[in-house]
Amino acid sequence: MKGQAEDEGSGFSDKLEKLSARIRETVSGEIMMNEPLSKHTSLKIGGPVSMLVFPEDPMSLQNILTAAAEEDVPVFMIGAGTNLLVKDGGVDGIAISLDAFNQVRIAEETDDSVTLFIGAGVSLGKLINFTKEKGYSGIEALAGIPGSFGGAVYMNAGSFGVEIKDVIVSIAIMNRYGKIAILKMENLRFSYRNSNLPEGLAILSANIKLRKADAEEVQNKVSECLQKKRLTQPLGEPSAGCVFKNPEAQSAGRLIELAGCKGMRSGDAEVSWLHANYLINRGNAKSKDFIKLMDMVRDKVQEHSGITLEPEIKIIGKN
């Protein structure tokens with residue numbers, strides 16, 4: 001078995017070396033090899049990824065995806081590294097960051113509404129600032145959510161009863177073979193914290209439709225939402241956001257609190273005292289600490305309420 005594992009490892013290394021040379025020739029943008037993903041995740045946890053690439057344009061992204069598909073090397077979009085737990089053994093494959101896809105512009109405008117084109121790499125914070133300065137209403141409740149716009153679309157991010165799907169008009173995607181398609185809202189199947197888009201494709205951008213409103217009114221709503229989150233969520237601590245999905249008609253955070261889990265620890269991973277659905281890294285938490293703490297919380301909630309919590313965060317990598 002050891003010989004087989006060594007052969008498989010050698011085969012992957014050969015593929016990666018070949019792929020690396022090809023990508024360096026055809027891609028504009030930074031390329032990192034064996035880069036620790038702890039530097040690129042909001043939890044500050046995670047082993048190295050074989051290759052991390054920051055393509056600067058769609059053609060470069062297309063070249064990465066087609067080359068990886070031909071070599072059968074797995075690819076994933078890292079976004080801003082939020083809602084993501086990378087295991088300590090790292091990830092065999094290519095992580096892609098679309099930070100350079102950061103354009104926000106008006107695509108269409110009427111007397112009452114505006115349609116915005118937003119690149120996948122735009123941070124939600126930048127988008128919220130743009131809309132409140134212009135007086136565009138509809139996503140004020142998303143203020144304070146970390147991460148990139150592409151990631152928010154992929155997981156249908158939401159807060160205070162508002163979800164990103166509520167304003168989506170269309171999404172531009174590139175599949176793993178480099179083909180671009182425009183998906184209109186009526187052809188999409190969003191659900192709670194899920195876009196139902198297949199893994200391995202890249203969200204390039206999306207158009208969203210917002211209502212024109214008074215700028216001061218929008219700013220006040222944003223400020224109110226941020227203030228509520230500052231009082232109830234550990235925004236300044238390393239976390240992956242809410243760890244578990246809310247069961248139907250229930251709050252995961254409330255269930256965890258009632259089960260007595262606040263302050264529970266595994267290594268340096270801790271259930272936040274401020275919001276029980278946030279598990280935070282107190283300094284040197286490892287993925288095994290985090291996963292063990294998730295299991296402990298899930299067991300306590302199951303024992304207390306009979307409800308089984310489902311993870312909201314995505315867990316990737318090897319031990």
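**View 1. Glu-257 and its salt bridge with Lys-262.** In this predicted model, Glu-257 has a relative accessibility of 36%, so it counts as partly exposed. Its salt-bridge partner is Lys-262, and the closest N and O atoms of the two are 3.7 Å apart. Lys-262 is also partly exposed, because its relative accessible area of 21% is not under the 20% limit for buried residues.

**View 2. The salt bridge between Glu-270 and Arg-265.** Here the closest N and O atoms are 3.3 Å apart. Glu-270 is buried, with a relative accessible area of 6%, whereas Arg-265 is partly exposed at 38%.

**View 3. Glu-163 paired with Arg-193.** A distance of 3.5 Å separates the closest N and O atoms of this salt bridge. Glu-163 lies in strand β10 and Arg-193 in the loop between β12 and β13, so the pair links parts of the chain 30 residues apart. Both Glu-163 and Arg-193 are buried.

**View 4. The largest nonpolar core.** This core has 35 residues. Among those with the most contacts inside it are Leu-127, Phe-149 and Ile-208. Elements that each supply at least two of its residues include β7, α3, β11 and α5. Leaving aside neighbours within four places in sequence, Ile-208 is in contact with residues including Leu-116, Leu-127, Phe-149 and Ile-168.

**View 5. Ser-205 in strand β13.** The strand covers residues 202–212. Ser-205 has 7% relative accessibility and therefore counts as buried. Beyond its neighbours within four places in sequence, Ser-205 is in contact with Phe-117, Ile-118, Gly-119, Ala-120, Ile-171 and Ala-172.

Methods
Residues are numbered from 1 along each chain as its sequence is written. This is a predicted model: local features need pLDDT of at least 70, side-chain atom pairs count only at pLDDT 80 or more; totals for chains, interfaces and linings use all residues. Side-chain values use heavy atoms; hydrogens and water are left out. Helices (H or I, at least four residues) and strands (E, at least two) are DSSP runs, numbered from the N terminus. Buried means under 20% relative accessible area, exposed over 50%, partly exposed in between (1.4 Å probe, protein chains only). Contact means heavy atoms within 4.5 Å. A nonpolar core is a set of buried Ala, Val, Leu, Ile, Met, Phe, Trp, Tyr and Cys residues joined through side-chain atoms within 4.5 Å. A salt bridge is a side-chain nitrogen of Lys or Arg within 4 Å of a carboxyl oxygen of Asp or Glu.
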